[in-house]
Amino acid sequence: MKFLHFTEVDSTNIYALKNINNLKDKTVVFADTQTAGKGRNNRRWISGFPNNLYMSVVLKPSYSLEENFPLFNITQYMAVVVCRLLALYQVDASIKWPNDILVNDKKIAGILSETCIQGNELQGMIVGLGVNLNMTNESLSKIDQRAVSLNILLGKSISRDEFLHKLLDLFFFNYNEFLEEGFSCIKDEYKKKAMFLNKHIKINAPSETFYGIAKDIDETGALILETNGRERLINVGDLIC
Ligand code: BTN
């Protein structure tokens, strides 16, 4: 594993994407602050709190795209790993499909995975993770969604570096198994953490909005939504509870 640390960068994901050809497999890019932190669906990720975690891990598994590589599932794998880690801090987190991490319905972490593909070759994948580790109530209130921070949950400040190292240990402990088996190796754990199952939900998909009951998660990590007595598989979208 190789570490690249910045006191400030535009975005660890952008840096990793731009430099993907020069970065080795399992390089971890992390920054104290980001000036252009990216969230999912072109949203911003506010990144001016130096003791939070802003990091991207570069992964270069040797797969061609014909093989069944679980690209979509790497974010779900990271979500399960973050929940495992928060459990070590005695915090019970849940997952909002596909990969928001919540504690008491408030967001504590977000994941943004991006891929770099040239022709039929996967050049690399970047799994970006932001975790609210050390924030004040005042700064949390400036975020445009209900958010919480680990220091506030535990009543003490959190070491970012310790959190990062524990995270990477957990991430790589089962990584080879995940590469071989895909979503099935985390399915049961993912479902246990999935706070939305059996609830009425709304999904904002790229071209449509769906309403229905979240029935299950299938073998590929897709959401099974029951709408008007019909089951529909949803692969991409944003869940609104
Ligand atoms: C989300 O919208 O929930 C995903 C947020 C992902 C934020 C992290 S912070 C580190 C990495 N660099 C970025 O610009 N974004 C991700």
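Student: Which residues come nearest to the ligand?
Tutor: Of the 20 residues around the ligand, those that come nearest are Ser11, Gln34, Lys38, Arg40 and Lys107. A residue counts as near if one of its heavy atoms lies within 4 Å of the molecule. This is a predicted model, where local features need pLDDT of at least 70 and side-chain atom pairs count only at pLDDT 80 or more, while totals for chains, interfaces and linings use all residues. Residues are numbered from 1 along each chain as its sequence is written, and side-chain values use heavy atoms, with hydrogens and water left out.

Student: What lies 2.7 Å from an oxygen atom of the ligand in Ser11?
Tutor: In Ser11 a polar side-chain atom lies at 2.7 Å from a ligand oxygen atom.

Student: And which atom of Lys38?
Tutor: For Lys38 a backbone N or O atom lies 2.7 Å from an oxygen atom of the ligand. Lys107 has a polar side-chain atom 2.6 Å from a ligand oxygen atom.

Student: New topic: at what angle do H2 and H5 pack?
Tutor: Helix H2 (residues 73–88) and helix H5 (residues 160–173) pack at about 125°, with axes 9 Å apart. Helices here are DSSP runs of H or I with at least four residues, strands are runs of E with at least two, and both are numbered from the N terminus. Axes are lines fitted to C-alpha atoms, for helices over the stretch in contact, and angles run from 0 to 180 degrees between N-to-C directions.

Student: Where is Pro98?
Tutor: Pro98 is in the loop between strand S4 (94–96) and strand S5 (100–103). A cis peptide bond joins Trp97 and Pro98, with omega about -5°.

Student: What about the phi of Asn104?
Tutor: Asn104 has a positive phi of about 50°, although it is not a glycine. Asn104 is found in the loop between S5 and strand S6 (106–118).

Technical notes. A polar contact is a pair of N or O atoms within 3.5 Å; within protein, one must be able to donate a hydrogen and the other to accept it, and residues adjacent in sequence count only if both atoms are side-chain atoms.
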